Amino acid sequence: MDKLVRFTKDLGASFMTLVRILVRCKLTGNKYKIDRKEDTLLIVGNGPSMKALLEDASFRNEISHRDVLCVNHFCESDYYTEIKPRLYIHAAPEMYIKEVNKDLQQRRNKFWNTLVNDTQWEMDFFIPHAAKKNDFWLKMVRNNPNIRIRYYNLVAQEGFPFLKHWVYNNGLGTPRIHNIIGYSLTNMIRVGYKKIYLTGVEHSWLNMISVTEDNIALVGQPHFYNPESKPAVMYKGGTGTRKLHEILHKFYLTFLGYWEIKNYAAMKNVEIFNLTKGSFVDAFPRREVQDYLENQQSVRS
């Protein structure tokens, strides 16, 4: 009976996956290739633990010569122009949709101006296909020929494993995961990296959730460039804010999504290691930062 229930559930989810592909996805396939220096990639998250790492000049020097992917608002930090990441990814809709509140408008203007003005090296920039609907940001980015735009489908896919993996391989969607690290992993597996290390990926938000006397749900999301940030509302779609159950469901999907990515990586013979001390992500084996550095040194020799 359990197998029948599971099959029926996967069948329905697979049908909806095909519908979403037909309605929402843009065909990208593998038409673009990333000029990788190596098969190993370091994904730099923005969690508080990155502060100590980035303050280490030897670490900064090492990763400035390696394939590195940065996420979200990293370009606004003092380390961006020193590290010169080969790859960058953003997913937040408030960065490209028109209707957002004033605070988010100011935040995205700062991001795009910084990215365009400071990127003086060749870099592949990943952003959802939906961003093409509003081209105000694209007009800015086109002023910098160093930035190559790579679109991906930010469309959640579910169902039979063979179907989901086919979808991921062809860039038609991602696991149902609400976090930039998940989108980073799915895209980087697809473009051919075989060993991926994660840093700055604490995801320790659960003990930072609270509800005010006015029933407003708040969550702390500190970053290495702003570790003292106060708990705040979580936006959705650039305008509304999430209720407590919506925040918890978002986190549930994120942690579940990493197990989906773990299965996809195994199918592609890709290894993923988490270098983040105190990380809540339980899908990937842990390693010390020194393991990554030694691995890179052995590659050079």
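This is a predicted model: local features need pLDDT of at least 70, side-chain atom pairs count only at pLDDT 80 or more; totals for chains, interfaces and linings use all residues.
Which backbone nitrogen does the side chain of glutamate 38 reach?

1. Residues are numbered from 1 along each chain as its sequence is written, and side-chain values use heavy atoms, with hydrogens and water left out. Glutamate 38 sits in the loop between helix 1 (2-24) and strand 1 (40-44). Helices (H or I, at least four residues) and strands (E, at least two) are DSSP runs, numbered from the N terminus.

2. The side chain of glutamate 38 reaches the backbone nitrogen of aspartate 67 at 3.2 Å. A polar contact of 2.4 Å also links the side chains of glutamate 38 and arginine 66. Such a contact is a pair of N or O atoms within 3.5 Å; within protein, one must be able to donate a hydrogen and the other to accept it, and residues adjacent in sequence count only if both atoms are side-chain atoms.

3. Glutamate 38 counts as buried because its relative accessibility is 10%. Buried means under 20% relative accessible area, exposed over 50%, partly exposed in between (1.4 Å probe, protein chains only).

4. Helix 8 (residues 180-190) is mostly covered, with 11 of its 11 residues buried. Among them are Tyr183, Asn187 and Arg190. Asparagine 179 caps the N-terminal end of helix 8: a side-chain oxygen is 2.9 Å from the backbone nitrogen of isoleucine 181. Just after helix 8, glycine 192 has a positive phi of about 120°.

5. Leucine 244 belongs to helix 9 (residues 244-267). Leucine 244 counts as partly exposed because its relative accessibility is 33%.
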